[in-house]
Amino acid sequence: MAFVIVATIIVIGTVLWNAVSPWWFTPLASNWGFLDTTIIISLWVCGVAFVAVSGFIIYCVIKFRYKEGHKAQYQPENTKLEVILTVVTTIGVVVLLAPGLIAWNMYIQLPDDALEVEGVGQQWVWTYRFPGEDGIYGNTNGRLFSSKNTFGIDPNDPNGQDDILIRSAEVHLPINEKVVFQLRSKDVLHDFYIPQFRAKMDLVPGQQSNLWFEPTLLGTYEVACAEYCGTGHYAMRGLITVDTREDFDAWLAEQPTFFETLNEGVEGQGKQIAQTLGCVACHSDDGVNGIGPTWKNTFGTERLLDTGETVVIDEAYIKESIVNPVAKIGSGYAPVMPAYATLSEEEIDAITDYIKTLSD
Amino acid sequence: MEQGANYEGQPIHEPTGWWSRYVFSQDHKIIALQYISVALAIGLTGMFLSLMMRMQLGFPGLFESIDAGSYYQDVTMHGMIMVIYLLTALFLGGFGNYLIPLMLGSRDMAFPFVNMLSFWVYFLSVIILVSSFFVESGPTGAGWTLYPPQSILEGTPGGDGAGIILMLASLAVFIIAFTMGGLNYITTVLQSRAKGMTLMRMPLIIWCIFLATFLGLLAFPALLVGAIMLIFDRVLETSFFMPEIFKGGEVLDYGGGSPVLFQHLFWFFGHPEVYIIALPAFGIISELISCHARKNIFGYNMMVWALIAIAGIAFIVWAHHMYVAGMNPYLGFFFATTTLIIAIPTAIKVYNWVITLWDANIKMTVPMLYCLAFLITFLIGGLTGLFLGNVAVDVPLSDTYFVVGHFHMVMAVSPVLALYGGLYHWYPSVTGRMLDDTLGQIHFWITFVGTYLIYFPMHYIGFLGVPRRYYSNDQYDFIPQSVNDLNQFITICALIVGAAQFILLYNFVVSLYKGKEAGPNPWGACTLEWQALESPPGHGNWGEKLPVVYRWPYDYGLPGATADFVPQNVPDEQIT
Amino acid sequence: MTNITNNEERFMGLTHGQVFVYTLMTVISILFLFITNAYLFRMNFEDWNPVPIPSMLWVNTGSLVLASVGMAWAKSGAKRSSVQTIKVGLIIGGLFAVTFVTGQTLAWQELTSSGYFLTINPANTFFYLITALHAMHVIGGVAAWFYVTLKTFKRDQLILQPESIGLLGSYWHYMLLVWVLLFMLLLTT
């Protein structure tokens, strides 16, 4: 009898939960409401199947409990019943599949008249590129990446000179305009996922994948990486701000073009370098320790190492930790930082200067 | 070729001493127990890892030793251990070895020596796996899917150390062990059936194990190829899967490869793997539900054809794991359709189980409780699979906690419930004693209700969009505090369920000495393993003469018989 | 097999050994199918640079054909219970299989000495990987051959041998078939 009670509670609870669950879809902010509809259809069809089958089980357990001397009905086959059940199931499957395929067809048909943005992932930051005035991206090549040219754009390609580079985690988009994201990755797999937009697509190094949507609600939304990409996966957060067209244009005009970034001096660019190399994914500037220790108010202080020794955080220690991170690991941190052995002296100095400015 | 051991009139390989009887034994029953013990031991490790993971999610910062790196190592090793080294090994190596010869009425496996070798090679693969915990940068933390490029690069725990190499090597060794065992199961099922045991008279669990083995034999080579190529990429720096990569401020030596190629190879193995685990669980349920409901299984023929259909279609659904992986999006139409088609034979199996309950004579024994619980969790897990298989519906849900909830329901909770049901059911056959019923009930209720409370709410934080494989949710504004509270609740449930598993272990040990004497056929089952002369069956299983089979294995409640069951080896004229 | 009794159900009249070896061949076929698939997938990428086929491979193909012929001879001997034919056939089959494997290592040397190292291009890596995997399966066969041959020469009575020799022969023909298909793949791409 215990089973009947518990199973009944579970079945009723499972169904009612859908009405009372404190966790439900985030408020929709894009054109992909149809995807929510397909989920709701699935919930109804599957809910009916679940209640029917488990209700049948519970009924049988109540009705056909063991009675000494009673014998079960002997019925090895019942072709008619089996055919009916197969047909009913097939209908259920079609009801689920049809809207699913229609929605998928919409999802993968890229619009022609859309705003184009390139999303570039790397461990563990997001950056973006707009094609600029000419509307054409400059050619990129995986071999051209450097700490200076973090998008791997061919410097000799005239189309690339006016490309607008967004070297921070936040990108703006105009409201009610279709956007196509061309996605690529510098290192490993990532996944560009904005819960409120419902859209999601993997970034695969060495190839391009596409994603499109139309933001329908002003506001700032979080980009979460949804494909495991190493130790800092959970910290790979980006932001999308949906603006009016005017605000968007104003914002875009402030962003540097590729040509401008090529001619930037290194000095004073420590923050920018830390941003584009992805340092900031692990080392915060606000005093909160992440995968790695924060940079806030650390310069000149002492750090306890995992060996039990302490070390003063000075220029030499910072340099060593960039070039050969595993040499001295801070206590409580995992030795996961890659070695940045190819940075130039000037770049390391710029980062060091930046860290110094974070100490007051 | 090693000669088959089960010929009438020929002496079977009689063990001569303690070593050949219990360690390097060629007796399928001992080998089964060896498989079960090693699998349960490594499975306990896997459970411990999952609890570590839960501690971090429920009570972040409570254990300082769980940093992001070790969290991901726990996630990875938990997944790999549970899927491959626990469930695959236990269902096929354990249940397969024990049940195939006994249920088919043969003396042993077709090639006992190869069978023994299979276990020891499996043992070696476990040793290699465990050794990765003790190398410098620890085991791999690449996620159980081991996707390159991250799996073999620094930035992933164990990626630049020996961890990933040991993982891949262990898998390769496991595949060799599986192939040796698998060839044996196939040969035994096809060749060593007792007289009268036609294919369509085989118990459904044998069909299930047979087809699962077949799936494994055809699917594991894909993983082997992937693993070998990945080892090449890692050790020799070739570029099978590795494109141009910019990392640590420099361009690496790799170039031109395709990470998606690995995903195809992995999931060509990975999806059938789901059925390698699910089919034996289906089999156990089919046996148990018929026996404990004292009623013939409904629609045997349909069940067999449904199984064959599932096994066949299982090979053309793999890319439903890759809808948003950057493959050609038009493939989505094909794979969504095949995936939803596979739901039809699966649903037929569920219908046939529940119809078996209709007008039955249901004994609420512990194995029956597990069956009923399996039906409910499998329903949930199967139905949520329809969401994820349906390409567009998958887009918002993939890589969220909905996926975690779904696959744990369908390929963790359900198979484990079936597994436990099977252990309670066949323990008397192995030891001659019954497991304690009260302990069994307590263990059942905690496990069933506990796991439901753990995994059911996960679907809803999946709707919310919480991504899986997150060490911490703190940074995200769209994830409310209530998710952390829920995580705390789930962790507490997980700790209770984890602790409850020791009730089973305790029950195992105590019942070995103090359990009620089972007698030859305590459940009144029709299948042959309960009809041996000795209980538990001795070496060679059947004494002088092999059994002869006269009927299908589900003659429960046969009209005209006094008893409510007629064993398979009873001819019509002996029915009283 | 001489002492099969009617007490067991069998599948299509096959022996245990036949089921085992045929299933094994299926599994091996799948393995090579996947590696071939991966090869065809990967070769579409632009960095693919085909390897020149070492001339040695033609010689090796010849050895494998001869090995297969030797085994066919042994099989026919087993049918006629001619111990002498079996012995000669087995020796030819085995020796040429060993020659084949040795020849393959020479082919690798030929490649490396002209600068086609394993890591330079995915085509190179695939070439080494595919040939090595195939050679490993031939070596596995040679181990079984060793066992059977030893038994044959130890006692001149052929109690178990006809089936073993038959299966060994099938495996040899199968390895030749796999090689020819792989060789064609390497030649044409």
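This is a predicted model: local features need pLDDT of at least 70, side-chain atom pairs count only at pLDDT 80 or more; totals for chains, interfaces and linings use all residues.
Residues are numbered from 1 along each chain as its sequence is written, chains are lettered from A in the order in which they are written, and side-chain values use heavy atoms, with hydrogens and water left out.

Helix α9 (residues 331-356) of chain B gives the most to the side of chain B that touches chain A, namely 14 residues; helices (H or I, at least four residues) and strands (E, at least two) are DSSP runs numbered from the N terminus. By class, this side of chain B comprises 80 nonpolar, 27 polar and 16 charged residues, where Ala, Val, Leu, Ile, Met, Phe, Trp, Tyr, Cys and Pro count as nonpolar, Asp, Glu, Lys and Arg as charged, and the others, Gly among them, as polar. The contact (heavy atoms within 4.5 Å) takes 123 residues from chain B and 108 residues from chain A. About 10100 Å² is buried between chain B and chain A, with carbon and sulfur atoms giving 68%; buried area is the accessible area (1.4 Å probe) that two parts lose on being put together, summed over both. In chain B, the most area is lost to chain A by B:Phe246, B:Asn361 and B:Tyr460, together 7% of what that side buries. One salt bridge is counted between chain B and chain A, defined as a side-chain nitrogen of Lys or Arg within 4 Å of a carboxyl oxygen of Asp or Glu. A salt bridge joins the side chains of B:Asp477 and A:Arg237, at 3.5 Å from N to O.

For chain C and chain B, the contact involves 39 residues from chain C and 46 residues from chain B. Together these chains bury about 4000 Å², 71% of it on carbon and sulfur atoms. C:Glu9, C:His16 and C:Phe20 supply 19% of the area that chain C buries against chain B, more than any other three residues. Zero salt bridges are found across this interface, together with six residue pairs in polar contact, both at pLDDT 80 or more. On the side of chain C that touches chain B, α1(C) gives the most, with 16 residues. That side divides into 22 nonpolar, 12 polar and five charged residues.

Within chain A, an open sheet of five strands has the order β4-β10-β9-β6-β7, with mixed pairing; two strands pair if DSSP finds at least two bridges between them. Strands β4 (170-174) and β7 (200-203) of chain A stand at the edges with a single partner strand each, so one side of each is left without a neighbour in the sheet. Strand β6 (residues 190-193) of chain A pairs with β7(A) in the antiparallel sense over four bridges, and A:Phe192 has A:Met201 in β7(A) as its bridge partner.

Notes
A polar contact is a pair of N or O atoms within 3.5 Å; within protein, one must be able to donate a hydrogen and the other to accept it, and residues adjacent in sequence count only if both atoms are side-chain atoms.
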